[in-house]
Amino acid sequence: MAGELPFELPLLEMRKKIDELKTFGQEKEIDFTDEITRLEERYSVLEKEIYSQISAPQKMHLARHQQRPTSLDLMQLIFTDFIELHGDRMFGDDLAIVGGIAKLNDIPVTVIGQQRGKDTKENIARFFGSAHPEGFRKALRLMKQADKFKRPIITFIDTKGAYPGNTAEERGQSEAIAQNLREMSILGVPVICVIIGEGGSGGALAMAVGNRVLMLEHAIYSVISPNGAASILWKDATRADQAAQAMKITAQDLLQLEVIEDIIPEPQGGAHRDYVVTADAIKSSLTRHLEELSTMDTEELKEDRYLKFRKLGKFAFEQTLPTDPTDPQPLINE
């Protein structure tokens, strides 16, 4: 195991004991088979207990795991004949967004993803997966190209949010995000969005207006990062875990709220444990949803997308009648 999170430390300690016992037995030529078997059984039970009850804060840390597969990792495993395309034809090439044309089961598609780095140097070059306006405009250019040539669009979302610096604001960050929201809503081809890590704020929304929004089992999706919410609510970003617990950011919460359509299972312990198994699960889900959407024509796809987002934000309230009949009646929105 590598890159263990705090809640996984009991597993690490037990695995260490098992390995030490194996090594000691080999060195001293002592048979500890029975003891090792018992420890392995206890390890298996503990592993199931830990991973069957992962909390929202723990999922947040899994979603942000440095070794979690990135968009490019998954593109290489899921698609064939991938050709990356660059630039927004206006300013430059934002490395926080990657995209191009590829094939999914021999079907031509356009695939676009938010890309964070594998190390500090790459993270700096890719702005830790937080795009500038030219990144969102590059994504939109590729989507319009896909619409022109009738290719389905698949997006991978993995960002804490759009880049918040002066350079992004100077080049029209909010306008670029707004353009994506509007243009994605009227695309005439199937659009499937997959949240593979952290889907945060407008940076995620700018690539998540799809007919289907899917999430990996331990991914998170929220209107603001838990750190940002904690900073606003309690003036203390270190209370991010507390914010995560209250914000309903997990795939399980969002499926219940009908914000997403499907949860894609991850290997036990998280997507970083096995890239191939994770990619196969995503591919299977993409194939199934694309088959469903392929039966719709252009207008049906637009209407399907409209209805999906129109139903979000339902609420109910109970009218309380005034005790005094002379009091004015409360206004009611029908």
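Which backbone oxygen lies 3.1 Å from a polar atom of the side chain of Gln 173? The first view of this predicted model takes up that question.

**View 1. Gln 173 and its surroundings.** The backbone oxygen in question belongs to Ala 131, and it sits 3.1 Å from a polar atom of the Gln 173 side chain. Gln 173 itself is part of helix α8, which spans residues 173-185. With a relative accessible area of 4%, Gln 173 is buried. Leaving aside residues up to four places away in sequence, Gln 173 touches Ala 131, His 132, Pro 133 and Phe 136, along with Ala 162, Tyr 163 and Ala 168.

**View 2. Helices α6 and α8 side by side.** Here helix α6 (residues 133-148) meets α8: their axes come within 8 Å and cross at roughly 20°. Because of that angle, α6 counts as roughly parallel to α8. The crossing of the two helices is left-handed. From α6, the contact is made by Pro 133, Phe 136, Arg 137, Ala 139, Leu 140, Met 143 and Lys 144, while α8 brings Gln 173, Glu 175, Ala 176, Ile 177, Gln 179, Asn 180, Glu 183 and Met 184. Sorted by class, this contact has eight nonpolar, three polar and four charged residues.

**View 3. Ile 50 in helix α2.** Now for another helix: Ile 50 lies in α2, which covers residues 33-51. Ile 50 is buried, and its relative accessible area is 13%. Not counting residues up to four places away in sequence, Ile 50 touches Phe 7, Pro 10 and Leu 11. Take Pro 10: it is 40 residues from Ile 50 in sequence, yet their C-alpha atoms are 9.3 Å apart in space.

Conventions. Residues numbered from 1 in each chain as written. Predicted model: local features only at pLDDT ≥ 70, side-chain atom pairs only at ≥ 80, totals over all residues. Heavy atoms only, no water. Helix = DSSP H or I, 4+ residues; strand = E, 2+ residues; numbered from the N terminus. Buried < 20%, exposed > 50% of the residue type's maximum accessible area, 1.4 Å probe, protein only. Polar contact = N/O pair within 3.5 Å; in protein donor to acceptor, adjacent residues only side chain to side chain. Contact = heavy atoms within 4.5 Å. Axes fitted to C-alpha atoms, helices over the stretch in contact; angles between N-to-C directions. Parallel < 35°, antiparallel > 145°, perpendicular 65-115°, else oblique. Left-handed = near helix turned anticlockwise from the far one by under 90°. Nonpolar A, V, L, I, M, F, W, Y, C, P; charged D, E, K, R; others polar.
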